[in-house]
Amino acid sequence: MDRRTFLGGLGTLAASASTGWAFAPRSAWAAGAGERRLALVILRGGLDGLAAVPVPGDRSWSDLRGDDGDDEVGRVRRPGEQAPPAPAPTPLDGPFALHPGLGALMPLWQARELAIVHAVGTAYASRSHFDGQNVLENGTARPFGAPTGWLGRALGAVDGEPWSMAAGRVVPLVLRGPATASSVDPDRAPRVNGELLARIGSLWHNDPLMGPALAEAIDTEARIGGLRDATPLPGGFDRMYGADAGLDGRGRDDDGEIRGSDLDGRRKRDDAGALFVGRALAATDGPRVAVTELGGWDTHTGQSATLSQRLPELARTLTDLREGLGAAWASTVVVVATEFGRTAHPNGSGGTDHGVGGAAFLAGGALAGGRVIADWPGLADRDLVDGRDLRPTTDLRSVLKGLLRDHLGVDAAHLERDVFPDSGGARPMDGLVRAA
Amino acid sequence: MAHTDAFVAATRFGLGPMPGELDAIAQQGPKPWLIAQLDGPDPEVDKRLAALGSAAEALGVFAARKAADDAARKMLREELRDDFVDEHAAHLAATACTTRPYRERLVAFWANHLTVSTTKKEIVALAGAFEREVIRPGLDGTYADLLVASARHPAMLAYLDNGRSVGPSSMAGMRSGRGINENYARELLELHTLGVNGGYDQSDVESLAELLTGWTVDVGRASQGTGGFVYRPERHEPGPHKVLGKSYGEAEPAIRALAAHPSTATHLATKLVRQFVADDPPPKAVSAIARAWTVSGGSLPAVHRALVDLPEAWANPLAKVRTPWDLVVATTRLLAVEPAADGTRSGPDGTAMLRSLLLLGQLPYRAPSPQGWPDRADAWVGPGAVWARLEWAELVARRFASTGIAPNADALAQAAFGPVGSATTRTAIAAAPPTQALALLIASPEFQRR
């Protein structure tokens, strides 16, 4: 039975998840705006904004973060040890520079397709990952302020029912809401015997949790499953049971081993599945909004080495997104955000602890970029929150409101009332998006 | 109904029944069956784990590694990985075989609450020892004792960086310029005791971090019977330090005070009720457990007994979704003790269980953050995740089939969830060809839940 026939037969399973938004103002997604895409990259752990985007032009900088203005934060040297020459950060606007690990983004900067928002924060300032990520995603002013996410709520009132997806196993909070949201493994196509799948489908049909998840999963595979790389990255089922384990009905005796790389945190080339996500956004049948994430930013110790590895991965995520999007990059905006920044002073272990204000990145062909957007508060102790953390002077919600309004055409009143409730103090930021 | 209660005992509290176990539990009485498991460890489990190494021994290996050259280091790294696989395969096999599954679930719960994770490399060699040396013995005492034991164990000191934290005004601090790392202090307050809204603030985090300076890992001299812990006074930030309004000169009394704090009782009661009742813990159940906690002075056996007495835990048999760990263990318990045609029984294959957990996204001791693995359905079930569950169900069925034993899927379904199985599921399993019936059982809504 070929896939299309099989999936057609299961059409009844592909139920929509939309509920209860009949009276929300329909925003102008269709008619030209239907080509606009938005990608959100969530950095979990609290990216050190001052390391990613150092501020050597601030008079307090060298006291705070390094003698030579290099990228080594608080590296403790043994007496007499010379600092090894470190690649210098690349100057940007004004006092700002860019960590050399993000050097791959300079062409985007020069093409005005990259912007940085610095000294930015959410409404949350209490330094807990759990609560901070919850606020980053729920779009309200407090942890657990909503069971849905700002992006899910924004899409719920948009014409044409654009669907959204997340790379990964589950739908993250930010996408939960009335609109259809799916999750998908960017690396590997699932292989389940068709007949078995049909039987399971019947069994799960009335299950309120499993039924919709399966329906969404099948629908998503039909739409974008074919966009994965033909030769998937080695991993998971294929390595364990052999590439043909799903087809010949036999397990293998020489099942694969658990590798060291499964245990010691070495990362795959494309952890965020960005190439696939880009292609999915570009596809006719694909989503118009996608979320992916990168972890490992909670740099309490030895952060110089960690960031030297992680920041190039972030850069590659953005360039992979661009590559996957192809022509659609011109009508895309990417937002890179994290739950909080980190302490301005290094801690005792060559790292930084949880802070408040940090940096966010914007990218995309539709972006009016090439600048650092910041109302810079300064880095003297008296300028820091509690004498320790970068003070946020821009509310991330202002940035998100501006993008949702100008790029995706979300109704302004809807933004204030439903998408970002209790955000009166955060005025939508103008001018983020290029004139059409 | 007696048999529904046996199912709840075996599945919500336990790890899923072995064939025939539901009848035995119904005979003994579900609650007595559970309570009896609390009076001590399963000797069979202890026997299986006895040969595994200590944290101190692992630290000895680290010390040797530091001195080694690159080639030797690489070999040691591979050895560590192989050891991890063998070690955790042994743990999983023991868990699958145990006659005290409620106790094993509690081990997993507390180990998850006091998470250490191999996202930090050193933990590969220390996680198993942490469970054996801190969590398992801790089940029979107070939470305060468990918490202090965890705070002193090299796994926790390494994972949350307290081993590197140095008081800036201490002798070592002044000499080296190193300073405080507040990671552990923060998580001790936020995750291990009071909870994020439990009534502490940033100054408490900093004070606690200062108190904890000097608590560090003893690499290389572990043979002196310290278990890998050493207190280095030269790193200690001179005090006293005020935590929650009270002054302390050293860390242990502060940790005990946090364990005894009313917010801790509520915070941990909430987590326990989430594990044993529902994703959204009913307030009445949380209060009952918090009360049992407080009245008993944080005695874990008393709290574990109180959970059994919660009417809410028995009221809704399939309220929780099985995590990958739940699924793999339950499947193994159901299938791995099936007798072969010649009457022999093949024991559980811990390595296969470990691989399954890798595939399903819950490799032991690899939680992505100090919060540990989530305990809500929406963290485990989603469109991407269901494929992995289905593929795995099919693979297990195929694996079972390749052993040549024709599974009696109807009988197994009865043994697994007879009292609560739906007619739809029973019919579907009965109607499926043998190659699919077992997969259908594992994938059924009843088996995907507990």
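1. Within chain B of this predicted model, helix H6 (residues 70-97) packs against helix H8 (residues 123-138) at an angle of about 35 degrees, with their axes 7 Å apart. Axes are lines fitted to C-alpha atoms over the stretch in contact, and angles run from 0 to 180 degrees between N-to-C directions. Helices are DSSP runs (H or I, at least four residues) and strands likewise (E, at least two), numbered from the N terminus.

2. On the H6(B) side, the residues that meet H8(B) include B:Leu80, B:Phe84 and B:His88; among their counterparts in H8(B) are B:Val124, B:Glu131 and B:Arg136. Contact means heavy atoms within 4.5 Å. By class, this contact has six nonpolar, four polar and four charged residues, with Gly counted as polar, and Asp, Glu, Lys and Arg as charged.

3. The contact between the chains takes 66 residues from chain A and 67 residues from chain B. Together the two chains bury about 5,700 Å², 62% of it on carbon and sulfur atoms; buried area is the accessible area (1.4 Å probe) lost on putting two parts together, summed over both.

4. Five salt bridges (a side-chain nitrogen of Lys or Arg within 4 Å of a carboxyl oxygen of Asp or Glu) are found across the interface of chain A and chain B. A:Arg388 forms a salt bridge with B:Glu182, with the closest N and O atoms 3.0 Å apart. The side of chain A that touches chain B has 25 nonpolar, 21 polar and 20 charged residues.

5. Residues are numbered from 1 along each chain as its sequence is written, and chains are lettered from A and ligands numbered from 1 in the order in which they are written. In this predicted model, local features need pLDDT of at least 70, side-chain atom pairs count only at pLDDT 80 or more, and totals for chains, interfaces and linings use all residues, while side-chain values use heavy atoms, with hydrogens and water left out.
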